[in-house]
Amino acid sequence: MRTTSMDRRSEAFMAGAVICTVAAGVIVVLAAASSTPVYADEREHLEIATNLANGAGYSLDGSATAYRPPTGPLILAAATAVHVRAQYIGMIPALCLVIAALLGAWIVGHRLGMLAGAAVVLYPLNVYTAATLYPRALATAILLALWLVASRSADGIPAAMSRRACVVSGLLTAAFALAVPTMIFSAVVVVLWTRWHQPGRRNRIGSAVFAWSVRNATVIGSPVAFSTGSGLNPLRGNNENATATLGVAAHIGSYVQGAEGVGEVEADDYFRGSAVEWITTHPSGAAVRYGQKVLNYFSPYNRPATAGRGGGLESAGVWASFAVTVALLCVRVLLRRRAPILPSERLFLVLFVANAPIKAVFFARTRFRQPLENNLIVEAAVAVAVLIPAFTRGRRERVSADGGVEAEAATVPTSAVFESWSDRS
């Protein structure tokens, strides 16, 4: 029989308690492991945030900058401004991962949605990024929040989104693109898809990006839309020393020397132009490498560029978790008649695949793909949420056939995996 509303509230409370308990333990571990920034990227994010909090503006090395996209440093700056101790700043990405886990559980909606939350918060690649000040954990939370909005706008019988919800959706999309500019393709697709299903509704994605561009035009003399570090990405994947798997480890010392003495805007243009020049002068080699980078996008693991990072145990854990996720994703597709794949599910699964040729224009790394990997994790959890009631029903029916006792219906029918979505709409 179906569970009563009181049962559902109890189950939701218990699911939330389980997720928060697991997440709390992860937070403690991550906070202890990430109290001191290790990577140069982290130190730059933290320096910008500290300068902002101290009234020195969005600056790096004593000069105004747009080298790092703003969403991550702004959040760190807000924490610094309210005097969060330095040793606790490392908890912010971990908290973002907890939020992402709760959103993953909410997306699934079924009483077993806590499986999605637990999978998100314990997935090795998520744990790795949440142990750093990289904005990837933040991007993961925003991406799953956008999925939740998309599910409300198109799955089941969609309700018209309020003006406030549309504004929040647009701001989330802008924050997503301004946290990790390599995700701009996904951000644009999601917002256009949502607007397609909510005709006549407005969002505010343009306003936030416009404000950042105006700031850049005023302060550094160029209306940079996202980051002056974006020119490095095509260069790292398209030069004589690059390979399909090296990514940030590709040697670009000669290009860095060529950009010495110029501003960051000019350096950005120089790096991007150098990448285009290499592609146009080596078309066949660039085409072959592009195909290799597309394939590398789907690689479960790329060894970190920093020496001494990433051992055999870490590699094995990532490979195993990715293999299990993909296997369950295949099960999810096979079970689509039992639990139909909803429009927003199809969108986010397609986004994962469609990013391969987009990211391969620059270079593909597992860490750069990480927020999108959570699309697969949620779907894998859905597969488990469908399998468990089906297995339980089959077992009860076999017991009934052997013992002559009428089988008890499964507590929640498998067709109800996403019923909470339609309930909300």
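Predicted model: local features only at pLDDT ≥ 70, side-chain atom pairs only at ≥ 80, totals over all residues.
R272 and D269 form a salt bridge, with their closest N and O atoms 3.5 Å apart. Both residues sit in helix α14, 3 residues from each other, or about one turn of the helix. R272 is partly exposed, at 29% relative accessible area, and D269 is partly exposed too, at 46%.

The protein chain has a mean pLDDT of 82, and 79% of its residues reach 70 or more. Helix α14 (residues 264-281) is where confidence is highest, at 95, while helix α19 (residues 419-424) has the lowest, at a mean of 41. Over residues 404-425 the pLDDT is below 50, and the model gives this stretch 69 contacts beyond near neighbours in sequence. Residues 1-6 also stay under 50, with 13 contacts beyond four places in sequence.

## A salt-bridge network around R68

The salt-bridge count comes to 7. Among them is a network that links D41, E44 and R68. D41 pairs with R68 at 3.1 Å between the closest N and O atoms. D41 belongs to helix α2 (residues 40-53) and R68 to the loop between β2 (63-64) and α3, so the bridge ties together parts 27 residues apart in sequence.

R68 also bridges to E44, with the closest N and O atoms 2.6 Å apart. E44 is in helix α2, so this pair joins parts 24 residues apart in sequence.

## A nonpolar patch

V82, V84 and Y88 make a nonpolar surface patch of about 270 Å². V82 is in the loop between α3 (71-81) and α4 (86-89), and is exposed, with a relative accessible area of 59%.

Key
Residues numbered from 1 in each chain as written. Heavy atoms only, no water. Patch = residues over 30% accessible without salt bridge, like charges linked within 9 Å, V, L, I, M, F, W, Y side chains within 5 Å. Areas by Shrake-Rupley, 256 points an atom, 1.4 Å probe, with all protein chains shown as cover. Salt bridge = Lys/Arg side-chain N within 4 Å of Asp/Glu carboxyl O. Helix = DSSP H or I, 4+ residues; strand = E, 2+ residues; numbered from the N terminus. Buried < 20%, exposed > 50% of the residue type's maximum accessible area, 1.4 Å probe, protein only. pLDDT = per-residue confidence, 0-100. Contact = heavy atoms within 4.5 Å.
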